[in-house]
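The following report concerns the structure shown below.

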Amino acid sequence: MTIELEIGLYIFMLAGFLGYHLISRVPPLLHTPLMSATNAMSGISLVGSLVVAGAAYSPLSTAFGFVAVTCSTTNVVGGFLITDRMLRMFRRDQDRLAKRELGRGAWLAAAGLLAGVLALLRWREELRPLLRGADLTQALRFSYILSAALFILGLKGLSSPRHARQGMFLAELGMAMAVIGTLFHPDIVAYRWIIVGLILGSVVGASMGLWIPMTAVPQRTALSHSLGALAATLIGISEYIRHGDALGQILMTTIGLEVVIGGLTFTGSLMAAAKLQGLLPGAPITYPGQNASNFALLAVMVGSLVYLIVTPSAGSVFQLMVGLALLFGFLLVVPIGAADMPVVISLLNSYAGLADAAMGFVLMNKIQIITGSLDGTSGFLLSLLMCRAMNRSAVNVLFGAFGKIEKEAEGTAAGAKGTVRRIAPEEMGVLLDSVRSVIIVPGYGLAVAQAQHGVAELAKVLIKRGIDVKYAIHPVAGRMPGHMNVLLAEANVPYDQLYQMDQINPYFAEADMALIVGANDVTNPAARHNRASPLYGMPILEVDRAKSVVVLKRSLRPGFSGVDNELYYNPKCMMLFGDAKDTVNTLIVALKS
Ligand code: NAP
């Protein structure tokens, strides 16, 4: 083992531990912005990509480097912009002024940095003689150290919505410093493809970051994991070709890990994005012997890697390994249902971080090792939190084809026993006249119906009538961790009205009404007492303890788990059938009139 590798491994480990401590302090409220922020930071793969794109090692290297620069820039620009969009939503009146000033400062700084990069690129030849005396390599190292510190401070800022934007501003500064420093890397001799890649990536990233609706954040996240992984895979392939026969065992190991993790993350994330966008069927696709064949594929892939470590020059085995990695990512995600995609994208987030760190080891770039490790830890931690909130193991999510149950159980749900009480919107108006406190429980159906603005409006009407309104947020309600918080913040719901599951559960017994909007599994009391239920053990929102319960959904159909909800047969529960958005709008009209 070389000293550099040893130091790299220590850095990787310590960054992971530090990341664990910082990320476990991020409140669930900010879990979605956390994912896009770490995503943007892992776009630091840009620094390695810039060198490969500009070093003129070979035409193929330049081409791969150019694609990698474009992908990484898309992630950096898109990731930071969408994070900022989300964080701006979590504001309180007293924060508005300060935030506006911060926003103005951030735009000025961004414009200044862009002008700086363009000026540097324009006058680089004139600058070279001036800088010849200076030790550029040392300057680059210092810029990376400072960037790493700024990234860590950026993540620390995410521990509170008040400081999150300031934190992200520091992280953006760190990214800009690392990128500008890298433009003076001694290996870079040509800038043409770098400039084209930076511009192209910025345009695509900015479009994704500024205009994508909040309901589409999960698919955007999956897509950016695939771009980051593609960048890592291409750089790995280009480094394999460049080093040729001179490849040592250590470099081969790191390149192998980079392309294997990068390759499977690339196709796996593309599949996840397609399922979340509805381009592919959301139901798990299963066939006999699926897990066994996947394990066999994995074994061949690992075997190829081991063979290459011993015989790095075996180019055809390398090609086979890359092909298998791409196929494995695809097959890994095929049997997973759309509703489990949040866990999958968090895991893929973690893999994308590992691919980035592996690229850092290949290029011996310590800032990439640090951010890769931080990103890997963040994704891993979020996956664990989600699995815990669903009372399921990661193995069950990955290999259990859970959403398949939905179809099988539909028949049972339709024939379920018990009397269901219905209520009309006009009757709800009368009912609401007599309540003093309402707890709104948003779920996946609210996101599907895009009813967040209507719900926020309804809450305002209720508050005007002197009714106390709180929102109950289950950790896995919605389409990704923290997604409900972002949707409600988008609709200007103040974050101090949002209560996480543990905070709100004690309030249900005192509440006059639990108003459930498109949530199902997260309210099913069977999770508490029915050992035979697949939901048994999953912590739920204890809505059945409220004095009355009203459920807004279209039918009695079960939710993601496919399990009938016994809440609907509780005598104090009333069903208000219809699309959540339409029903909420009708309710607002009824209440206002
Ligand atoms: P859910 O149990 O999946 O139920 C959502 C309900 O929304 C459905 O029963 C559906 O009923 C209703 N719905 C759909 N479209 C609607 C519309 N346009 N208007 C009104 N209602 C609509 O949702 P949940 O209670 O939020 O629970 C989330 C589920 O996803 C859990 O099982 C959780 O384990 C899983 N999950 C979540 C995450 C995460 O990070 N958020 C991760 C992994 C798994 P109708 O068809 O009758 O309308």
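## Overall composition

The protein chain contains 24 helices and 7 strands, these being DSSP runs numbered from the N terminus (helices: H or I, at least four residues; strands: E, at least two). Among contacts (heavy atoms within 4.5 Å) with a separation of 6 or more, 82% join residues 24 or more positions apart.

## Basis and confidence

This is a predicted model, in which local features need pLDDT of at least 70 and side-chain atom pairs count only at pLDDT 80 or more, while totals for chains, interfaces and linings use all residues. Residues are numbered from 1 along each chain as its sequence is written, and side-chain values use heavy atoms, with hydrogens and water left out.

The average pLDDT (the predictor's confidence in each residue, from 0 to 100) of the protein chain is 84, and 89% of the residues score at least 70. Residues 405-415 have a pLDDT below 50; beyond near neighbours in sequence, this stretch has 10 contacts in the model.

## Helices H4 and H10

Helix H4 (residues 59-89) packs against helix H10 (residues 217-243) at about 155°, with their axes 9 Å apart. The axes are lines fitted to C-alpha atoms over the stretch in contact, and angles run from 0 to 180 degrees between N-to-C directions. H4 and H10 are therefore roughly antiparallel (over 145 degrees; under 35 is roughly parallel, 65 to 115 roughly perpendicular, the rest oblique).

## Thr 83

Helix H4 includes Thr 83, which is buried with a relative accessible area of 0%. Setting aside neighbours within four places in sequence, Thr 83 is in contact with Pro 33, Ser 36, Ala 37 and Met 168.

How values were computed: Buried means under 20% relative accessible area, exposed over 50%, partly exposed in between (1.4 Å probe, protein chains only).
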